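Please study the sequence and the structure shown below. The briefing that follows is arranged by topic.

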Amino acid sequence: MKAHTDKTYDVQLEDLRNKLLTLGGKVETEIANSMRALTERDSKLAEMVVSQDREVNRLEIEIDEACRRLLVLRQPAASDLRFITTALKIVVDLERIGDLAVNIAERALDLNQSPPMKPIHDLSKLADLGQRQVRAALDAFVEADPAKAEAVIKDDDLLDSIYHNLVNELLALMMEDPRNIRRANSLLFVAKHLERLGDHATNVAEMVIYMVRGTDVRHPGSRR
Amino acid sequence: MKSLARRRAVNWLMTGLCALALSAALVPLVSLLWLVISRGFAGLSWSFFTAIPAPVGETGGGVGNAIAGTLYVVGIACLIGVPIGVGAGVYLAERGDTRFGDSIRFTAEVLSGVPSIVVGIVAYGLVVLPMRRFSALAGGVALAVLMVPTLARSTEELIRLVPGSLREASLALGVPQWRTSLRIVLRTALGGIMTAILLSVARAAGETAPLLFTSLNNQFWNWRPDQPTASLTVQIFNYAVSPYPEWHDKAWSSALVLLLLVGALSLMGRWASRKKFR
Amino acid sequence: MQKLAAPKIEVKALNAWFKQNHALRNVSLTVPENSVLAIIGPSGCGKSTFVRCLNRMHELVPGARQSGKVLVDGQDLHARRVDPVNLRRRVGMVFQRPNPFPTMSIFDNVVAGLKLNGVHGDYPQLVESSLRQAALWDEVKDRLRHSALSLSGGQQQRLCIARALAVEPEVLLMDEPASALDPIATARIEELIRELRESLTIVIVTHNMQQAARVSDATAFFYMGELIEHGSTEQIFTNPREPRTEDYVTGKFG
């Protein structure tokens, strides 16, 4: 990558990239921890996830400020413009993923008050795929790899189908035994959060394709 | 702090030396003016400006015809010299970047260094001899030859000073080259050219040697170009070398008149340039 | 820009030289009618040379040559029966530094193009309409007989634009028209360009990329005498195809 004539500009862009990667890493850890808190019934871990979300929010604000400053001071064009506008958009998705992890952690805290349910296979499958989607989307961004991003977009269908299976399974559990309703309902929420997580990962992937190729692939059905 | 005081001292010293040099330069000018005014003022009168010289022995008379003669001969010189000089300058500026142009410039340089008396003799040979008489025309020719080189160089400089952007603006509007040169470039340089003309007129009015062999002198009024004509400079010369003390006084007064005339022309030149250049 | 506008200007395999210096190499592009083309590129890339080939000002420089075709409305500018002086009335030009004629008043400056060519007409009417088009009328209507030099830099530039408009050109070439002006004057000139687009075709050379992005429909990037890329302004500035364009536009040059 050729360097800008003004080296400070390169430094500022690198700084922005690092902030985004840090945010991505933190968010990934949050999800992993919240799922562990759920499956291992670790309330302490869940509480840690909730309190550490503050750092994620702080990073979001920093990244927004950095982007605004770059926009007004540098009037970026072409690839720089696409990178900075991508950063502005994916920071929203990443922060939302963090919020979803917090929601899952809160559900874990709630579930840990009640006796454990039998492990549900689809839930761990959904959680695994969700986390892998987030990781893949972030990798695509770091490596500026549109092929990886396209894979994430495709796999969202798989994630949606696992989600639907899980919902059916949980509904069956609830109909089986009314004593399961409260806990199964909580797990329904968790499933919903994981499905939303996948959507946000897909959003990130779509923005990565725009950043690299300059084509906007969002909402193909709504285009004329 | 010490170096500041020292620098101030050196500053004062240098300023003082410059002022001294200025005074030294002004001394000849001031003494000249003083001399001419003090010796010549007494002789000035209305008749001095308007009458022709009186014969030897009689009192009175004036340099009226000499003033008119100077203006007449210089006028002829302008009619000949200004079109040639300004025209040459325009040519050199517009199309003079050639060997031919360089040779013209070189010739002008050489010509401007030729002593005025030599120019007078040449005019004698070229005009007086074929015409078999001294004439105002010959004087005009001699003075014109003196005017042309400086006018050409000044005009060329002035036209080159006109920014190329004005020329471009005119061409871009669809104005042909020759009209651009004439109505835009020349017009813009006109103020400076007027000044240059007035200054060379002032110089020509002060020449003596070339007129000695060409327009000679005349004790009467003359408006014919083919006759000898009086001029202030030659008149001063004649008065000064004569043996009569009254005529010496007349010489001083004539010198004063000449100074006034040349001064007036120079001032006009300055006034013209101040008005046209904003 | 969906209308099928006929190309107002067509350039085919244009080459230009200053003595031995090959300033433009094989440039080809078209400019649709009633559009604005911005020409960008680093110093010495041939932008000004290119634009001066469009109104045959290039050939006025001693030692200058060109080859290739330049067509306006399908007519070859170098055809035998084309009078370059007349051509420059159809293709007008505004320069980088405002250059009003210093010995003339504002009024005389505006009609200079007509007066100097002996074209008669309703001068006062023409002066008013040209000055209105150049967005200068209100500021100078009470002092039309004053010297042109009494105006500020931005006003002088608008005066030069009015002067160029008075001869009713079809194409207006602008060589960095706002580079000598302050931001407010620049903004006025840019707005003017957008308005003029309705009646003229405009080609503007600019050093300022943001300006190119603001005023133009299409942009052409020149480098070392070659046309590197030519496309819609939006595409050039958000997703250029050529790596050199990308480098220039993002500031990776030099």
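In this predicted model, buried residues make up 38% of the 224 residues in chain A. A residue counts as buried if 20 or more other C-beta atoms, placed from the backbone, lie within 10 Å of its own. Residues are numbered from 1 along each chain as its sequence is written, and chains are lettered from A in the order in which they are written. Local features need pLDDT of at least 70, side-chain atom pairs count only at pLDDT 80 or more, and totals for chains, interfaces and linings use all residues.

**Chain A: fold and extent**

- Chain A contains six helices and zero strands; helices (H or I, at least four residues) and strands (E, at least two) are DSSP runs, numbered from the N terminus.
- The pattern along the sequence of chain A is α-α-α-α-α-α.
- The C-alpha trace of chain A spans about 70 × 40 × 25 Å along its principal axes.
- Of the contacts in chain A with a separation of 6 or more, 78% join residues 24 or more positions apart; two residues are in contact if their C-beta atoms, placed from the backbone, lie within 7 Å.

**Contacts between chains**

- Two pairs of chains touch, and the pair of chains B and C has the most contacts.
- Chains A and B share no contact, and their closest C-alpha atoms lie 33 Å apart.

**Where chain A meets chain C**

- Chain A and chain C each bring 14 residues to their contact.
- On the side of chain A, helix H3 (residues 78–111) supplies the largest share, five residues.
- The residues on this side of chain A comprise five nonpolar, five polar and four charged; Ala, Val, Leu, Ile, Met, Phe, Trp, Tyr, Cys and Pro count as nonpolar, Asp, Glu, Lys and Arg as charged, and the others, Gly among them, as polar.

Terms used:
Buried ≥ 20, exposed ≤ 12 C-beta atoms within 10 Å, placed from the backbone.
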